[in-house]
Amino acid sequence: MSKRLFACPVDGLPPGTSMTLDGTQPPIALHRTEQGRFFATADTCTHEEWSLGDEGDLEGDELVCPLHLARFDLVTGKPLCLPATLALDVYDVVIEGDRVFVVTAV
Amino acid sequence: MSILVVGASVAGLRTVQALRMKGYSGPITLLGEEPHPPYDKPPLSKEMLLPDGDGEAILLATEEQLTELDVDLRLGVRAAALDVAARTVTTVDGEAVGFERLVIATGATPRRLPGTEHLAGVHTIRTAEDAVALRTALPGASDVVVVGAGFIGAEFAAAVRLHGATATLVEAQTVPLAHVLGAEVGRRLADIHAAQGNTLLTGIGVAHIEGDERVQAVVLTDGRRLPADLVVVGIGAVPATDWLESSGLPIADGVECEADLRVIGTDGIYAAGDVARWPHAHYGFDVRIEHWTNANEHADLVASAITGSPPPRTQLPYVWSDQYGHRIQIVGRPNMGRSAHLVGTVADGDLLAAFTDEGGALVGAVVVDDVRAFMKCRKAIAARAPWTGVGLVATR
């Protein structure tokens, strides 16, 4: 079973930025690349405790943790370089009209 | 193919992890001089000194992860010599360990003050034992002297305040870190010590340390005598290449490597981390970098070279320092340029310094407590953009 979680209006997240979704546990981050595409991943860097939605950085389709410069593939969640060795969980994103939803397991 | 990694700290262990992540499934032997399983180094002068922490080393891999890595981890084994022709590393116990590929990851050794090696109360900070000894000594210390006001010294001085004591920092340069950050920015970083109740003495050296079995005082070159029951020496480190002297490898402030970290003139011998000197792709000249992220990046680079995988993208030098509750992040090479923008202080958590070269391109930045500004600077430096291209307001 899965459920859709309303994340934000499409215009609520500027390209090149990320946000942490309120009330998600474990926390989920929503990202919008410079090209305008949306991705959702686990919010916490798999290397050390750090919120990638509040203070992560996007480079193309990659997500960079600013603390120790771990990099993740936004599509797969896989770590692209050390110090991260574990993948981020990734979630499907659905856009309906001007609303962005993240699909989570119930 | 058998791979031998000498040195089981960040660069060594990460190399093993990177080899496995890139699909190498053959035998790997990892030699570690210390008796502990691989642990992280930055916490030695940070978390491990906290009065309310557990003082335990932070392991780089759990026992389970080490098992999964399927690595022959030999702890308490110090390499004594390398025979390139025979393709063996001899340990201090006389055992010869053969290899087809070798990764030299022996790191760097902290400089000590001459004649203090056996004096109780005088410490460097490089191993878990160092950090544990300091955390144990700090609650009872009354006269703490820190020799060297670089990052290690500054972080330790901050820890001293958390234990309720104060420290006197003694720095040979007129301004701490001036050789890295310039005098103007170095001074701003150094101001935090006095603001937090420590004392910083600059432009002065240590003449000698007094004490027979235990340290009693630090005597300065101008004759001043600082009573001391605990001394930390943070005056840099030298690459740990002593064991390679007879090997014939090219060594000049580190092991000299090609762009892919293969040691120059060798076949299948690599170096990684603090010990390696190599041509950095962003700069086009040889550097040796003692930063934690560099050790991680080198692990990826070496593993790519050994496995024939595409090399990772080159990253800018990056280091962080945690002092008095503030995080200082430094990216690029500030000393390649001049200060183009400087606002704020460490104490207020709003310092931002940007450095540009003669052509106006950003070459480095120092940012305190502002991760977003830091990341913008990092991108702009990588793109060799001008300061106005960072996208930050020029004043605030």
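Domain bounds, as used here, come from an automatic or database domain assignment. On that basis chain B is divided into domain 1 (3-109 + 237-307), domain 2 (112-233) and domain 3 (325-389). This is a predicted model, in which local features need pLDDT of at least 70 and side-chain atom pairs count only at pLDDT 80 or more, while totals for chains, interfaces and linings use all residues. Residues are numbered from 1 along each chain as its sequence is written, and chains are lettered from A and ligands numbered from 1 in the order in which they are written.

**Chain B: overall form**
- Chain B contains seven helices and 26 strands; helices (H or I, at least four residues) and strands (E, at least two) are DSSP runs, numbered from the N terminus.
- The radius of gyration is taken over C-alpha atoms, and the globule rule is 2.2 Å times the number of residues to the power 0.38.
- A compact globule of 396 residues would have a radius of gyration near 21 Å, and the 22 Å of chain B agrees with this.
- Along the principal axes, the C-alpha atoms of chain B fill a box of roughly 55 × 55 × 40 Å.

**Chain B: interior**
- In chain B, 46% of the 396 residues count as buried; a residue is buried if 20 or more other C-beta atoms, placed from the backbone, lie within 10 Å of its own.
- The largest nonpolar core has 147 residues, and Val231(B), Tyr270(B) and Ala272(B) have the most contacts inside it; such a core is a set of buried Ala, Val, Leu, Ile, Met, Phe, Trp, Tyr and Cys residues joined through C-beta atoms within 7 Å.
- Beyond its neighbours within four places in sequence, Tyr270(B) is in contact with residues including Leu102(B), Leu261(B) and Val302(B); contact requires C-beta atoms, placed from the backbone, within 7 Å.

**Domains 1 and 2 of chain B**
- The C-alpha centres of domain 1 of chain B and domain 2 of chain B lie 29 Å apart.
- Their contact takes twelve residues from domain 1 of chain B and 14 residues from domain 2 of chain B.

- Chain A has one helix and ten strands, in the order β-β-β-β-α-β-β-β-β-β-β along the sequence.
- The radius of gyration of chain A is 13 Å, close to the 13 Å that the globule rule gives for 106 residues, so chain A is as compact as a globular protein of that length.
- The contact between the chains takes nine residues from chain A and 15 residues from chain B.

Note on methods
Buried ≥ 20, exposed ≤ 12 C-beta atoms within 10 Å, placed from the backbone. Contact = placed C-beta atoms within 7 Å.
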